Amino acid sequence: MRVEPRPLVTVGLAVGYVGIVATTWAVVGLDYDSVGDSTSTVLRGIVLPVAIASAFTAAVTSYLGWWGPAIREELGAPRWLWVVPVLMVLPGLGSLLGGSGPADRAPGYLLALGAGTLLVGFGEEMLTRGTGLVGLRGGFREPMAWFASCLLFGLVHALNVFFGQSLGSTVQQIALAFVAGSVFYLTRRLAGTLVVCMVLHAWIDFTTLGFSDAARDAESTSTVLGLTQYLAFVLAIVGVVIVLRRGSGERERTPAAQPAG
């Protein structure tokens, strides 16, 4: 590693990431509530700002020399906790089954949304559970690193209130993002790599932005599958407690998170 991991590095990365997104949104005149309405709004509101912010995150990670620990995870978790990310996949299936499948969307829209959500998956996961988590682990023990990464994930979404989202919806989104952060944290530990978190994140955003309206209007299957995310949230909190308590007698930081001697 070129730079020793420290929480302040994560703070600086977060300020830069959010600043790039906010500046781009201001320039393009984003209305957050309509960001997923059309190909144009997806390109201007998701693809463009997140591509720039993700390039910034990748460049910073390269400079720091943190790609290895950012992508790879050496702390594990009980295998049965794989049920948590699996449950998070199901609401997206419910959305697709809710009456508005890919055939009902223009190819250009689906392509733009797919690219945008993949970028979000990469950018936000690198910020909060990749490069960001490496920095947090450099100064905190694992319980605090988990908490701070989830808090950061929630606070990143506070930006939305300045671009048209209601305060109530933003507060709810921050709270849900904090809990969802535990899902992604566990997924990282289960998979041993951040890449799975990126794909899961992208899947959730893609199906939510592209198909959730139809799912809300549908019946039975999509509704039931949509409820599984709340079970995933409960199990994620239980799982985090388990892995953090199990780690209390172990070395709290991954070997990869330490600076080279």
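**Helices, contacts and a pocket**

Biologist: Is threonine 187 buried or exposed?
Modeller: This is a predicted model, so the values are computed from it. Buried means under 20% relative accessible area. Threonine 187 has a relative accessible area of 0%, so it is buried.

Biologist: Where does threonine 187 sit, and what is it in contact with beyond its neighbours within four places in sequence?
Modeller: Threonine 187 is placed in helix α7, residues 167-191. Leaving aside neighbours within four places in sequence, its contacts are Pro85, Val196, Cys197 and Leu200.

Biologist: Is valine 183 buried or exposed?
Modeller: Valine 183 also lies in helix α7. Its relative accessibility is 1%, so valine 183 counts as buried.

Biologist: Which residues is valine 183 in contact with, leaving aside its neighbours within four places in sequence?
Modeller: Contact means heavy atoms within 4.5 Å. By that cut-off, the partners of valine 183 are Val84, Met88, Leu200, Ala232, Phe233 and Ala236.

Biologist: How many Å apart in space are valine 183 and valine 234?
Modeller: In sequence, 51 residues separate valine 183 from valine 234. In space, C-alpha to C-alpha, the distance is 9.6 Å.

Biologist: What span should α7 have, and what is the distance between its end C-alpha atoms?
Modeller: α7 has 25 residues.

Biologist: Which residue follows α7, and what is its phi?
Modeller: The residue after α7 is glycine 192. Its phi is positive, near 80°.

Biologist: How many aromatic pairs are there?
Modeller: Rings pair if their centres lie within 6.5 Å. By this rule the count is 7.

Biologist: What class of pair do tryptophan 146 and phenylalanine 178 make?
Modeller: Their ring centres are 6.1 Å apart, and their planes are at 65°. Planes over 60 degrees apart count as edge-to-face. The pair of tryptophan 146 and phenylalanine 178 is therefore edge-to-face.

Biologist: Which helices does that pair link, and how many residues apart are the two?
Modeller: Tryptophan 146 is in helix α6 and phenylalanine 178 in helix α7. Both residues are buried. The pair links distant parts of the chain, 32 residues apart.

Biologist: What class of pair do phenylalanine 147 and phenylalanine 178 make?
Modeller: Phenylalanine 147 is in helix α6, 31 residues from phenylalanine 178 in helix α7. Their ring centres are 5.5 Å apart, with planes at 65°. That angle makes this pair edge-to-face.

Biologist: Which residues lie nearest the centre of the second largest pocket?
Modeller: The pocket holds about 180 Å³ of space. Its lining has 14 residues. Nearest the centre are Val11, Ala148, Leu151, Leu152 and Leu155.

Biologist: Which element gives the most to the lining of the second largest pocket?
Modeller: Two elements give two or more residues: α1 (7-28) and α6 (142-156). By class, the lining has 13 nonpolar, 1 polar and no charged residues. The top contributor, with 7 residues, is α6.

Biologist: How many helices and strands does the protein chain have?
Modeller: Along the sequence the pattern is α-α-α-α-α-α-α-α-α. The count is 9 helices and 0 strands.

Notes: Residues are numbered from 1 along each chain as its sequence is written. This is a predicted model: local features need pLDDT of at least 70, side-chain atom pairs count only at pLDDT 80 or more; totals for chains, interfaces and linings use all residues. Side-chain values use heavy atoms; hydrogens and water are left out. On a 1 Å grid over the protein atoms alone, a cavity is a set of points where a 1.4 Å probe fits but cannot get out, and a pocket is an open set with protein on both sides within 12 Å along at least five of seven lines; lining residues have an atom within 4 Å of a point. Grid points are joined across faces, edges and corners, and a volume is the space filled by probe spheres set on the points. Ala, Val, Leu, Ile, Met, Phe, Trp, Tyr, Cys and Pro count as nonpolar, Asp, Glu, Lys and Arg as charged, and the others, Gly among them, as polar. Buried means under 20% relative accessible area, exposed over 50%, partly exposed in between (1.4 Å probe, protein chains only). The expected span of a helix is 1.5 Å times one less than its number of residues. Rings of Phe, Tyr and Trp (its six-membered ring) pair if their centres lie within 6.5 Å; planes under 30 degrees apart count as stacked, over 60 as edge-to-face and the rest as tilted.
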